[in-house]
Structures are given as C-alpha cells and as structure tokens.
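Student: I have a new model open and want to learn how to read it. Where do we begin?

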Amino acid sequence: MFKFTFYKRIQLSFLLLIFIPLIAVSIISFVLIRNTMEEKLQLSNENVLNVMTDELSKTIDDVTFASHFIVNDTNVRNILKSFADTKRLATYQDYVHFRQIQDVFSLINSKPLNNNVRMYLVNRQHFVISSGTEDLTSINSSLDKLMERVDLSKPETLQWLGMAGGDSAGNGKSYYIARVIYDSREKRQVSVLLSAISDTYFNKLLGTIDFGKVALFDANGEFIAGHSGLIPHHSETKGSVRTDRTILKSNWKLAYEASEKE
C-alpha cells in the first residue's frame, strides 16, 4: 500500500473504510426494511380479511336467525302447512295465508335483515313468496335447478346451494342457501326456505382493498366472487404474500394475495 501514491492511498482507504461498509450497510438495511414491509403487508392483509370475515359472518347470522325463526315458530309452521299445496291464489283463504306469510317476512325484515339478502318460501307446488317486492322472474327462471340441489331428506339444516341466476337483462347472480321445513307427521316437506345473497353484495365487500387480489370460495371450493385468478387452496407462490381466512359458520374461505413488488 505504501508503494502507491498518496492520491491512490486515499482512494483505497475510501474504498475500504467508507464505500464497502456503506454498501454492506445499505444491503443489510434493504433486507431488514423489506422483511419489515412484508410483515406489515401480511398484517394489513389479515386486518382487511378480519373485517370482511366479520361482515360475512354477520350476514350468515342473519340468514340463520331468519331460518330458525320460521322453522321453530309453531304458528308459522301451521300457516305454511295450510299453504303447502297452493298452486295459485284461487280463494280468499289462499290470500289470507299469503298475507300471513308476508307478515312473517316483514317481522324478520324488521331485525333488520341484510338489505342484500332476499328470502323466498317455496311450497310443494313451487309457488314462491318473496320477502321483498321485487320481480320474481329471476328466481322463477332458476327455481327448478335450485330445487334439484336441495336435499329434502335433510330438514332443518342449512344447505349451501352455490351460485345461480344471472341473465341478459342485467340481473346478477346470487348465492343461495336452503333450509327444508319438514312436517314430521306427514313425513314430507311443507316448504323450502331459500335465502339469496346477491353478487353485488360480495363484489362491493371484496372491492374495498387498495391493492392485491381477493376471492371468496364456498366449502366445496366453488368460486363465489372476487378475483377469478385465485385458487381456493393455499399454494406457495414465489414473489407473493397470501393470507387465508375461514368463515367457520359457513366454511367459506377468503383468500387474499398481493405481490411483493406491490
């Protein structure tokens, strides 16, 4: 080193004592900051998913409450039994029963039921009574396919039927949940309660994230809403951070994935 000129010795000293340590410190700082940001991203993902999970759990609670109320109320069951084989409102008594069922829905709506949830009582003749005042064209067009998915031998339990509906008129799809209302004396169903959660509700809820991809899947791994590029089962994806949440009351799964670059 002493054979070098004074100028070169200054350069070498700068390289050894300042430049190389500066690079080393920069690399170490970058790695530490990157790990910290990944942890913050993971925590942010979890917080967002927690909010979404709580909202979805509340919606499932609303559906469960309504179905319990209808199934366990003796007066309601008697009304449904009287209305079970009505094909159309042909008599005044049919109309009275129809109005009584609508009054039951009005009581449930006063809880209030989530505005994005619609409920339909379907009797043995596939006569539909809605909890709202909307056009029944959409539900009637999907009714046969939905009823094929209902297991009538499993009364008084929630059955997850999946997505259905949607047409060229702009009516979106809905996720349907069924509960069979059963008459133990006649040993057959009195009616089936269908609960429909619109895709508008899911899209609005899942659209609250600032970046990344989020998707919702049901217990069978079927896609409900969100980013169609995500898969229901967790897999190691290089260059991305993924967080999954299970909604225990329905076994739905929320998946949230964001790239490390973002």
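Predicted model: local features only at pLDDT ≥ 70, side-chain atom pairs only at ≥ 80, totals over all residues.

Tutor: Begin with a rule for angles.

Student: How are two packed helices described in general?

Tutor: Two packed helices are described by the angle between their axes and the distance between the axes.

Student: At what angle do the axes of helix 2 and helix 3 cross?

Tutor: The axes of helix 2 (residues 74–83) and helix 3 (residues 92–109) cross at roughly 140° and come within 10 Å. Helix 2 and helix 3 are therefore oblique to each other. The crossing of helix 2 past helix 3 is left-handed.

Student: Which residues make the contact?

Tutor: Helix 2 supplies Val76, Ile79, Leu80, Ser82 and Phe83. Helix 3 supplies Asp94, His97, Phe98, Gln100, Ile101 and Val104. By class, this contact of helix 2 with helix 3 has seven nonpolar, three polar and one charged residues.

Student: Take Asp94 of helix 3. Is Asp94 buried or exposed?

Tutor: Buried means under 20% relative accessible area. Asp94 has 15%, so Asp94 counts as buried. Leaving aside neighbours within four places in sequence, Asp94 is in contact with Phe83, Thr86, Arg88 and Leu89. The C-alpha atoms of Asp94 and Phe83 are 7.1 Å apart, with the two residues eleven apart along the chain.

Student: Now the whole fold. How many helices and strands does the protein have?

Tutor: The protein has five helices and nine strands. Along the sequence they follow the pattern α-α-α-β-β-α-β-β-β-α-β-β-β-β. Of the 262 residues, 38% are buried. Take the contacts with a separation of 6 or more: residues 24 or more positions apart account for 54% of them.

Student: Which residues touch the most other members of the largest nonpolar core?

Tutor: That core has 42 residues, and Leu56, Ile70, Phe105, Phe202, Leu216 and Trp252 touch the most other members. Helix 1 (residues 6–72) gives the most to this core, with eight residues. Apart from it lies another core of 16 residues, including Val128, Leu146, Leu161 and Tyr176.

Student: What does Phe105 touch?

Tutor: Not counting residues up to four places away in sequence, Phe105 touches Ile70, Met119, Tyr120, Leu121, Ile129, Ser130, Ser131 and Leu193.

Student: Ile129 is in that list. Where does Ile129 lie?

Tutor: Ile129 lies in strand 2 (residues 128–130). Ile129 is buried, with a relative accessible area of 1%. Beyond four places in sequence, the contacts of Ile129 are Phe83, Phe98, Ile101, Gln102, Phe105, Met119, Tyr120 and Leu121. The C-alpha atoms of Ile129 and Arg99 are separated by 9.7 Å, and these residues are 30 apart along the chain.

Student: Where are His126 and Asn251 found?

Tutor: His126 lies in the loop between strand 1 (117–123) and strand 2. Its relative accessible area is 33%, so His126 is partly exposed. Asn251 is in the loop between strand 8 (240–247) and strand 9 (252–259). Asn251 is partly exposed, with a relative accessible area of 46%.

Technical notes
Residues numbered from 1 in each chain as written. Heavy atoms only, no water. Core = buried A, V, L, I, M, F, W, Y, C linked by side-chain atoms within 4.5 Å. Buried < 20%, exposed > 50% of the residue type's maximum accessible area, 1.4 Å probe, protein only. Helix = DSSP H or I, 4+ residues; strand = E, 2+ residues; numbered from the N terminus. Contact = heavy atoms within 4.5 Å. Axes fitted to C-alpha atoms, helices over the stretch in contact; angles between N-to-C directions. Parallel < 35°, antiparallel > 145°, perpendicular 65-115°, else oblique. Left-handed = near helix turned anticlockwise from the far one by under 90°. Nonpolar A, V, L, I, M, F, W, Y, C, P; charged D, E, K, R; others polar.
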